[in-house]
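Please read them with the sequence and the coordinates at hand.

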Amino acid sequence: MPEGRVTRGTTGTNRLRRVDRWLAAHPAFLRAEAPLVVDLGYGAAPWTAAELFDRLRRVRPDTRVVGIEIDPERVAAAEPHARPGLEFRLGGFELPLPDARSPDIVRALNVLRQYEEHEVPAIWHRMAGRLSPAGLLVDGTSNEVGRVASWVGVTAAGPETFTVSLRLAGLERPSVVAERLPKALIHRNVPGERIHALLADLDRFWLHSAGYAEFGPVQHWQETVARLAAAGWSVLTPPRRVRLGELTVPWTEVEPQGFAW
């Protein structure tokens with residue numbers, strides 16, 4: 001039997017574009033041999049799986065994408081949209097794949113929101129244990145139109161990175177992402193937790209660098225991230241990706257108190 005619970009299934013075109021372009025530049029994808037990518041829990045319609053396929057194929061034409069859903073009716077509805085390199089299967093966290101092959105990338109966006117926080121480590125373990133040796137699991141959340149998103153990058157050794165991705169035009173404050181934190185972090189945005197400290201510093205430096213807004217939102221964000229790094233946060237984001245509204249830090253810098261892998 002598939003492992004997991006049926007999600008609400010809400011989805012929409014372009015909702016996951018931010019995580020897709022991050023994945024398309026990630027070493028786990030770029031260095032994989034004929035990358036096998038899973039879109040877990042793609043929802044009631046297959047649009048996000050098809051978009052993931054198209055975006056990754058532009059970078060690696062040998063990419064193969066498998067959309068996995070726990071609801072048989074959703075799989076049946078998606079199958080007419082399959083094409084060479086893109087297929088759909090019934091399954092859950094056990095990640096059933098052709099020839100029992102290990103995936104190089106698993107994208108599980110907006111899947112774990114309905115679970116309890118204490119369930120997350122075991123689910124991460126289950127999926128990460130199916131990855132190829134250099135593979136990556138991405139667990140995260142986005143808003144309905146894809147302008148606010150965050151995710152955790154998990155390997156077989158455990159969670160490694162935390163990423164925020166924001167549409168900069170019209171951004172009032174970076175902590176808007178608090179409503180779209182992954183399940184492992186969303187209830188930890190309280191004083192004394194590292195994720196709360198990160199979002200507080202982001203807002204503080206966003207306010208302090210407000211003078212840069214006259215040059216545009218990208219410059220405003222770049223200065224915010226520069227000040228964050230100067231304050232001691234380990235910013236892993238390359239400059240060209242900072243311009244896209246991204247910020248990546250090591251998981252250890254946002255890890256919840258009491259978290260155990």
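1. Where does Glu-172 lie? Glu-172 sits in the loop between β7 and α6 (183-186). This is a predicted model, and the points below should be read as such. Glu-172 has a relative accessibility of 68% and counts as exposed, because the cut-off for that class is over 50%. Along the chain, Glu-172 and Trp-206 are 34 residues apart, and their C-alpha atoms are separated by 9.1 Å.

2. Next, strand β6. How many of the residues of strand β6 (residues 148-155) are buried? The count is 8 of the 8, so β6 is largely enclosed by the rest of the structure. Val-148, Ser-150, Val-152 and Val-154 point one way from β6. Ala-149, Trp-151, Gly-153 and Thr-155 point the other way, and the residues of both sets are buried. In a regular strand, side chains alternate between the two faces of the sheet.

3. The pairing of β6 with β5 comes next. Strand β5 (residues 136-142) and β6 run antiparallel and are joined by 6 bridges. Within this pairing, Asp-139 has Val-152 of β6 as its bridge partner. The hairpin of β5 and β6 has 5 residues between the strands, and in it Gly-146 takes a positive phi near 75°.

4. β6 also pairs with strand β7 (residues 158-166), in the antiparallel sense and over 8 bridges. Here the bridge partner of Val-152 is Phe-162 in β7.

5. Salt bridges. The count for the model comes to 19 salt bridges. In one of them the side chains of Asp-39 and Arg-107 meet, at 2.8 Å from N to O. Asp-39 belongs to strand β1 (residues 36-40) and Arg-107 to strand β4 (residues 105-109), so this pair ties together parts that are 68 residues apart in sequence. Are the two partners buried or exposed? Asp-39 counts as buried, at 2% relative accessibility. Arg-107 is buried as well, with a relative accessible area of 0%.

6. Two further pairs may be checked in the display. The side chains of Arg-74 and Asp-71 meet in a salt bridge at 3.5 Å, N to O, and both Arg-74 and Asp-71 are buried. Another salt bridge is formed by the side chains of Glu-246 and Arg-241, at 2.9 Å, N to O. Glu-246 and Arg-241 are both buried too.

7. Helix α1 (residues 17-24) has 6 of its 8 residues buried, so it is largely enclosed by the rest of the structure. The buried residues of α1 are Arg-18, Val-19, Asp-20, Trp-22, Leu-23 and Ala-24.

8. Ala-24 of helix α1 has a relative accessibility of 14%, and it counts as buried because the cut-off is under 20%. Leaving aside neighbours within four places in sequence, Ala-24 is in contact with Phe-29, Leu-30, Leu-56 and Val-59. Ala-24 and Ala-226 are 202 residues apart in sequence, and the distance between their C-alpha atoms is 25 Å.

9. Asp-201 is placed in helix α7 (residues 194-208). Its relative accessible area is 15%, and Asp-201 is buried. Which residues are in contact with Asp-201, leaving aside its neighbours within four places in sequence? The contacts are Leu-228 and Trp-233.

10. A search of the whole structure finds 1 cavity of 30 Å³ or more. The largest cavity holds about 100 Å³ of space. Its lining is made up of 15 residues, and Arg-5, Leu-40, Gly-41, Ile-70 and Val-111 lie nearest its centre. By class, this lining has 7 nonpolar, 5 polar and 3 charged residues.

Methods
Residues numbered from 1 in each chain as written. Predicted model: local features only at pLDDT ≥ 70, side-chain atom pairs only at ≥ 80, totals over all residues. Heavy atoms only, no water. 1 Å grid on protein atoms, 1.4 Å probe; cavity = no way out; pocket = protein on both sides within 12 Å on 5 of 7 lines; lining within 4 Å. Points joined across faces, edges and corners; volume = space filled by probe spheres on them. Nonpolar A, V, L, I, M, F, W, Y, C, P; charged D, E, K, R; others polar. Salt bridge = Lys/Arg side-chain N within 4 Å of Asp/Glu carboxyl O. Helix = DSSP H or I, 4+ residues; strand = E, 2+ residues; numbered from the N terminus. Buried < 20%, exposed > 50% of the residue type's maximum accessible area, 1.4 Å probe, protein only. Pairing = 2+ DSSP bridges. Contact = heavy atoms within 4.5 Å.
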